[in-house]
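Work through the two exercises below with the sequence and the model open. Each task is followed by a solution in steps.

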Amino acid sequence: MTSNNYPIIIVGASITAISFIRTMREHGDKRRILLVHGEDRLPYKRTKINKNMVRGFDKDDFRLADQTWYDENEIDLIMDRVIHITASEKLIHTKSGQIYSYEKLLLATGVAPVVPVINGIDRKDIHSVQNANDVERLLEECKEQKRFLIIGGGVEGIETADQLVRKGKQVTVANRMRYPLQKLFPDVLAKELEYKMKAKGVQLFDGVSVASVNVQADGSYKLQLKGETLFFDVIVACAGATPNIDLARKTGLKTERGILVNEYLETSDQDILAGGDVAQHARGVVTGLWHAAEHQGKLAALNVLGKKEAHTLPPYRLKTEVFDLYMFSAAYDEVIPGRDLAVEEKHGDIHRIMYYQDDKLKASVFVNDGDRAKTYQKALFEAWDKAKIEAELPLPPKLQFSFMG
Ligand SMILES: Cc1cc2nc3c(=O)[nH]c(=O)nc-3n(C[C@H](O)[C@H](O)[C@H](O)COP(=O)(O)OP(=O)(O)OC[C@H]3O[C@@H](n4cnc5c(N)ncnc54)[C@H](O)[C@@H]3O)c2cc1C
């Protein structure tokens with residue numbers, strides 16, 4: 001074998017890739033792996049980057065493993081980008097001009113942030129928080145600038161707003177939806193977050209999209225939202241993300257929103273697997289969550305090891321701590337209004353809604369019961385019934401409403 005031939009190549013070095021490698025090695029598989037890494041530092045925990053803006057971070061922080069781990073596990077980690085795949089010859093081509101051959105290829109290329117087209121501003125001048133160096137660039141701007149506009153009221157946008165407020169910045173959030181985190185929480189809980197944000201001085205605009213700005217002589221941006229004239233120093237796009245499918249599409253793999261995979265993470269090419277945020281599963285699901293990507297990396301490895309285990313899309317959860325609230329949402333997008341029974345309870349600052357289908361827990365959302373988050377998760381995985389929830393996750397004294405959906 002020459003140095004450019006690998007039994008396994010992984011494109012994209014994040015949690016899917018690391019989990020794949022861990023599983024291979026745990027099972028005693030020692031095949032050499034080429035890991036092509038498109039960023040400027042060792043793979044790191046992406047979820048941390050926008051939650052640590054107040055504290056700041058160094059290039060070495062949040063590493064998933066240090067260089068010795070890659071060496072000891074016989075991983076050739078290269079900082080390069082794959083620009084083309086010739087699937088018919090099982091070759092990848094990198095930006096630096098290298099060509100490598102594979103027997104099995106794992107595509108774990110994740111997502112790219114959606115940067116909206118806004119008249120009057122170059123897209124490169126709009127910030128995002130996708131990669132560690134994006135956040136570093138934003139932190140650099142934070143030193144001098146005061147007025148920040150965040151486009152998007154999803155998790156990334158709200159977490160970034162929270163950090164900027166804590167850094168003493170003036171923050172405005174322009175949200176297309178009515179409430180912040182509306183895709184993850186019913187209105188009644190999203191309103192609690194909105195209230196807290198406003199109390200901390202965040203200016204919220206709902207039902208808006210930013211179409212154009214005027215750059216002022218001092219470099220600031222002037223724009224109109226709902227009839228108000230506003231000025232900002234920095235614009236940050238947290239408007240969602242799209243799977244990086246270009247490589248896959250150009251090489252002829254089946255793609256839609258993501259790279260189409262079956263329950264074994266296999267793409268339409270028998271020697272190429274895909275996992276993590278770039279993969280599109282049954283019913284069009286693109287998972288977009290850290291633990292989901294980690295799980296898929298493991299399953300992809302089991303497939304390569306010939307120990308196929310089917311991916312069943314377990315109910316993943318998202319938790320976030322923002323504006324003095326602990327917020328937890330699990331499987332909320334599965335709720336069918338009018339069919340599932342919703343049980344809403346309040347106790348002190350805890351507020352939760354548990355959704356049941358045929359007396360089995362199907363989804364749950366809550367604020368401020370973080371100490372028991374793992375139990376809520378277990379309840380969902382094991383589909384506890386209402387009686388068991390009341391026994392194992394009590395919320396006295398009872399103030400309970402039940403309604404459909
Ligand atoms: C700011 C932020 C906060 C988040 N917070 C949470 C959270 O709290 N909880 C949660 O569950 N999830 C969170 N997520 C989502 C979570 O980080 C992702 O689900 C997870 O990182 C997906 O892992 P992945 O392996 O699919 O790839 P990614 O982490 O997306 O990484 C893909 C890698 O592939 C590289 N790549 C792409 N194309 C190429 C190429 N052609 N050549 C070489 N390399 C390439 C990219 O540069 C990147 O390094 C957050 C995401 C962001 C951006």
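Angles under 35 degrees count as roughly parallel, over 145 as roughly antiparallel, 65 to 115 as roughly perpendicular and the rest as oblique. The model is predicted: local features need pLDDT of at least 70, side-chain atom pairs count only at pLDDT 80 or more, and totals for chains, interfaces and linings use all residues. Numbering starts from 1 along each chain as its sequence is written, and side-chain values use heavy atoms, without hydrogens and water.

**Exercise 1.** Classify the packing of helices α1 and α7.

Step 1. Helix α1 (residues 15-26) packs on helix α7 (residues 290-304) at about 40 degrees, and the axes are 7 Å apart.

Step 2. The two helices are therefore oblique to each other.

**Exercise 2.** Find ligand oxygen distances to T16, E39 and W290.

Step 1. The ligand is surrounded by 30 residues (a heavy atom within 4 Å).

Step 2. A ligand oxygen lies 2.6 Å from a side-chain N or O atom of T16, and one lies 2.5 Å from such an atom of E39.

Step 3. For W290, a polar backbone atom is 2.9 Å from a ligand oxygen.

Methods. Axes fitted to C-alpha atoms, helices over the stretch in contact; angles between N-to-C directions. Helix = DSSP H or I, 4+ residues; strand = E, 2+ residues; numbered from the N terminus. Polar contact = N/O pair within 3.5 Å; in protein donor to acceptor, adjacent residues only side chain to side chain.
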